[in-house]
2 protein chains.
Amino acid sequence: MEAEAAAKRPREDGAEGNGGGVSSMVEDGKAGDYISSVIPGWFSEMSPMWPGEAHYLKGGADTFSRKITISKCNGVPVIHSMERFLSWMVLVIGGGDGGVLREVSRYSSVEHIDICEIDEMVVDVSKQFFPKLAVGFEDPRVNLHIGDGVAFLKNVPEGTYDAIIVDSSDPIGPAQELFEKPFFESVARALRPGGVVCTQAESIWLHMHIIEDIVSVCRQIFKGSVNYAWTTVPTYPSGVIGFMLCSTEGPVVDFQHPVNKIDECDSFNKEKGPLKFYNPEIHSAAFCLPSFAKKIIDSETR
Amino acid sequence: MEAEAAAKRPREDGAEGNGGGVSSMVEDGKAGDYISSVIPGWFSEMSPMWPGEAHYLKGGADTFSRKITISKCNGVPVIHSMERFLSWMVLVIGGGDGGVLREVSRYSSVEHIDICEIDEMVVDVSKQFFPKLAVGFEDPRVNLHIGDGVAFLKNVPEGTYDAIIVDSSDPIGPAQELFEKPFFESVARALRPGGVVCTQAESIWLHMHIIEDIVSVCRQIFKGSVNYAWTTVPTYPSGVIGFMLCSTEGPVVDFQHPVNKIDECDSFNKEKGPLKFYNPEIHSAAFCLPSFAKKIIDSETR
């Protein structure tokens with residue numbers, strides 16, 4: 001099966017984990033752009049995606065948890081931007097740590113959540129070491145599929161989902177296809193009219209050329225709204241991460257001004273406690289871009 | 001002279017520069033919290049201010065220039081929040097690289113700029129290696145004073161300045177006094193009624209306890225507006241930096257909604273070319289805080 005083959009594909013990005021990728025990185029780039037990633041007791045992050053830069057964090061589970069949890073608000077803007085249907089169908093691609101599931105399952109209006117994660121070990125490690133993230137898997141509405149998200153989407157009937165959230169790694173190695181036109185076409189096909197997608201869309205400080213391409217492709221494919229938003233993640237390279245927020249042709253979606261207020265929380269929300277980071281002001285501010293980024297993104301959008 | 005003595009005080013923070021501070025850092029904190037900072041050809045940043053974290057950047061002048069320039073928009077929000085006087089008096093404390101001067105001198109309504117930098121070498125190095133920053137010193141309205149900003153302020157007649165911009169390093173070592181109550185009292189005394197101050201105010205991800213103290217002190221001293229804003233700086237620890245924006249009793253200052261639009265640029269602005277980062281949306285978004293920070297800052301502000 002294609003999905004299984006993809007799931008067994010070795011990780012090639014070399015971007016995460018102590019000592020996992022130094023030799024391949026040196027082959028890819030200039031040797032002088034990298035330093036040793038193997039320091040016992042420290043987690044290192046370096047990659048051909050950000051040559052000449054290295055970030056070290058001391059520690060084990062706490063460090064990783066801090067790294068992961070902060071980025072998990074990316075499911076939330078999507079939910080708040082949609083009208084309140086009574087029975088949302090949501091698909092998460094990637095997100096095997098469970099954090100996006102935890103956030104999506106705050107809302108009683110979500111009836112069904114599919115998640116397609118390529119690497120079962122991510123799920124297992126999260127359940128073992130990060131129970132506060134993996135709690136997302138305990139929700140009875142969640143259906144876990146282990147396999148390649150690209151293949152999964154191809155088999156989805158047209159117009160199945162109200163929202164698709166792509167919680168992927170960077171566009172080298174296994175996640176590369178998740179940044180390409182055929183994938184976005186599959187996403188658009190799998191969404192209902194006026195359905196929304198949120199995809200991980202890199203850093204404006206490091207990867208404007210990648211962002212420019214993503215925006216261009218999304219503009220061709222998504223005939224509703226096409227927006228770029230960003231937020232800070234202190235443990236990510238350059239300290240920020242961006243999202244593409246797009247909708248298919250149909251009921252208009254104004255991503256910057258949510259229709260569902262976070263303070264109108266339902267019972268699912270109360271059980272999980274208040275959000276620490278996200279609020280309505282932070283939501284709208286995420287769409288305010290620096291001039292250099294705005295200029296490029298607007299030129300692709302219009 | 002007090003100012004000269006302070007200027008000759010050795011740097012104790014250990015926060016910047018290859019190999020400058022590792023042994024002292026190990027004495028201050030737990031040895032395991034630090035790794036070697038000496039890697040030839042790489043700039044390292046680690047400090048007791050952010051134990052268990054290390055950031056490396058490859059290279060020389062370009063790297064440093066990138067690090068410095070991005071943070072230089074912090075002078076701009078102050079100028080745009082004030083009514084357009086015909087003859088502003090501005091004081092910059094720190095900022096020896098010239099970047100804040102460059103931004104402040106965009107405005108023809110600024111008549112006089114004093115800058116008090118404790119370390120003459122910062123000025124010399126900037127002039128030699130970062131001419132695009134140091135260009136700020138070329139403006140005829142700029143008066144450079146080498147000395148301790150704390151001492152300088154004590155000798156300033158009451159109500160001298162319309163705006164004071166504090167472009168300091170972190171509150172360990174030489175910059176420590178710039179975060180303490182007596183300093184803020186001197187700032188308030190040196191400002192005219194309704195005058196404004198912008199000070200470097202750390203990272204909400206790393207230093208909420210320091211920010212809480214700063215906000216508390218500012219609320220006691222500045223009887224006009226007291227606001228916290230933040231922005232992203234990819235090369236800073238945690239990727240963000242904050243500012244306190246306060247005004248003295250007098251004409252009300254609404255920092256979040258500037259009265260001077262950046263697009264109404266004057267001849268000074270045109271000569272220097274358009275800003276790459278700052279725009280009116282970015283200005284207002286800087287005041288939108290995550291819930292955890294908002295809760296603490298609002299409790300100190302009210």
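I began with burial: buried means under 20% relative accessible area, exposed over 50%, and partly exposed in between, with a 1.4 Å probe and protein chains only. By that rule B:Phe183 is buried, because its relative accessibility is 2%.

A note on ground rules. This is a predicted model, in which local features need pLDDT of at least 70 and side-chain atom pairs count only at pLDDT 80 or more, while totals for chains, interfaces and linings use all residues. Residues are numbered from 1 along each chain as its sequence is written, chains are lettered from A and ligands numbered from 1 in the order in which they are written, and side-chain values use heavy atoms, with hydrogens and water left out.

**Aromatic rings**

I looked up ring pairs next. Rings of Phe, Tyr and Trp (its six-membered ring) pair if their centres lie within 6.5 Å; planes under 30 degrees apart are stacked, over 60 edge-to-face, and the rest tilted. The count comes to 8 aromatic pairs over all chains. A:Phe183 and A:Phe184 are edge-to-face, because their planes stand at 65°, with the ring centres 5.9 Å apart. In chain B, B:Phe183 and B:Phe184 also form an edge-to-face pair, at 5.9 Å centre to centre and 65° between the planes.

A:Phe183 has a relative accessible area of 3%, so it is buried. A:Phe184 is buried at 1%, and B:Phe184 is buried at 1%. I also noted that A:Phe183, A:Phe184 and A:Phe222 form one aromatic cluster.

**Charges over rings**

A charge sits over a ring if NZ of Lys or CZ of Arg is within 6 Å of the ring centre and within 35 degrees of the ring normal. I found the charged end of A:Lys127 over the ring of A:Phe137, 5.0 Å from its centre. In chain B, the charged end of B:Lys127 sits over the ring of B:Phe137, 5.0 Å from the centre.

**Helices**

Helices (H or I, at least four residues) and strands (E, at least two) are DSSP runs, numbered from the N terminus. Among the buried residues of α10(A) I listed A:Ile210, A:Ile214 and A:Cys218.

How do α9 and α10 of chain B pack, by angle and by distance between axes? The angle is about 40° and the axes are 10 Å apart; axes are lines fitted to C-alpha atoms, for helices over the stretch in contact, and angles run from 0 to 180 degrees between N-to-C directions. Angles under 35 degrees are roughly parallel, over 145 roughly antiparallel, 65 to 115 roughly perpendicular and the rest oblique. α9(B) and α10(B) are therefore oblique to each other.

Most residues other than glycine have a negative phi. A:Glu202 is not a glycine, yet has a positive phi of about 60°. A:Glu202 lies in the loop between β7 and α10 of chain A and is buried at 2%. B:Ser238, also not a glycine, has a positive phi of about 75°. B:Ser238 sits in the loop between β8 and β9 of chain B and is buried at 3%.
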